[in-house]
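Hi,

I am passing this structure over to you, as promised. Please open it first, and then read my notes below with it on your screen.

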Amino acid sequence: MGSMNSKLRFEEAITITPTDFRSAMSRFASAVHIVTTAGEAGRRGVTATAVVGVSDDPATVLVCLNASNAENRRFDVNGSFAVNVLSAEGERLAQAFSGRGGLSPEERFALGRWRLLSTGAPVLMDALVAFDCRLVEFRTIATHHVLIGKVEAVLEGPPAPPLLYHARGYRLL
Ligand SMILES: Cc1cc2nc3c(=O)[nH]c(=O)nc-3n(C[C@H](O)[C@H](O)[C@H](O)COP(=O)(O)O)c2cc1C
């Protein structure tokens, strides 16, 4: 029964096109983050679902950012970043930092309240939780830059439900 329901038989699933992969990834339910940086290369924030914890000792996180966007080099040059995990209230910020509405970087940042912790990357005061990280590795793998950061500070906001992204839309628990 299971195999009859499969979209592709195994022997047909050898070439995974970008469209196939995006469609498959849309089945993932993800947390939604704004990944920020500031420093000599300037301030930037990007809505990202591609974030994962790597290690708890030392506390380490990983973020994937599109390499075709030259603005994302700022994370490498600045050498630090913050991962801001959005609460259910954060959809407007997520939209703005994904480029929806065509706001300038200043207008995007004006939608939130930010503070600095350890590295100088902007930390969202209303985040569910934020991880302030020193960049320890920056590698380009295929279409994406993979940033690995050592967590230098954590800000835990008040407990709240998270913002999720699934099947190409924002969802609430
Ligand atoms: C829900 C959602 C998740 C996203 N996840 C990522 C991601 O993990 N990595 C990434 O590089 N871009 C991701 N993007 C796209 C970026 O947010 C978008 O390309 C970027 O903010 C555009 O920046 P710009 O307008 O400053 O060029 C995501 C967009 C949305 C709506």
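Is R73 buried, partly exposed or exposed? R73 is partly exposed, with a relative accessible area of 41%. Here buried means under 20% relative accessible area, exposed over 50%, and partly exposed in between (1.4 Å probe, protein chains only).

Before the rest, the ground rules. This is a predicted model, in which local features need pLDDT of at least 70 and side-chain atom pairs count only at pLDDT 80 or more, while totals for chains, interfaces and linings use all residues. Residues are numbered from 1 along each chain as its sequence is written, and side-chain values use heavy atoms, with hydrogens and water left out.

**Salt bridges**

The count comes to five salt bridges, where a salt bridge is a side-chain nitrogen of Lys or Arg within 4 Å of a carboxyl oxygen of Asp or Glu. R73 takes part in one of them: its side chain meets that of D76, at 2.9 Å from N to O. Because D76 and R73 are three residues apart in helix α3 (residues 73-78), about one helical turn separates them. Helices (H or I, at least four residues) and strands (E, at least two) are DSSP runs, numbered from the N terminus. D76 is partly exposed too, with a relative accessible area of 27%.

A second salt bridge joins E152 and R134, whose closest N and O atoms are 3.0 Å apart. This pair links distant parts of the chain, since E152 is in strand β10 and R134 in strand β9, 18 residues apart. E152 is partly exposed at 37% relative accessible area, and R134 is partly exposed at 33%.

R139 and E137 form another, with 2.6 Å between the closest N and O atoms. Here R139 counts as exposed, at 51% relative accessibility, whereas E137 is partly exposed at 33%.

**Nonpolar cores**

A nonpolar core, for these notes, is a set of buried Ala, Val, Leu, Ile, Met, Phe, Trp, Tyr and Cys residues joined through side-chain atoms within 4.5 Å. The largest has 17 residues, and V63, L65, F75, F81 and L147 have the most contacts inside it. Two or more residues come from each of β3 (44-48), β5 (59-66), β6 (80-85), β9 (129-141) and β10 (144-156). The most come from β9, which gives four residues. Another core, of 16 residues, lies apart from this one and includes F109, V123, A130 and L163.

What does L65 touch, leaving aside its neighbours within four places in sequence? L65 is in contact (heavy atoms within 4.5 Å) with V46, A48, N72, F75, T143, H144, H145 and L147. One of these, H145, is also the bridge partner of L65 in β10.

**Strand pairing**

Two strands pair if DSSP finds at least two bridges between them. β5 and β10 are antiparallel and share seven bridges. On β5 there is also a pairing with β4 (residues 51-56), antiparallel over five bridges. β4 and β5 form a hairpin with two residues between them, and D56 has A59 in β5 as its bridge partner.

Elsewhere, three strands form an open antiparallel sheet in the order β1-β11-β12. Its edge strands are β1 (30-31) and β12 (169-172), each of which pairs on one side only. Two bridges join β1 to β11, and A31 stands opposite L164 in β11.

H166 lies in strand β11 (residues 163-166) and is partly exposed, at 30% relative accessibility. Not counting residues up to four places away in sequence, H166 touches S26, R27, F28, A29 and R171.

I16 is found in the loop between α1 (2-5) and α2 (18-25).

Best wishes
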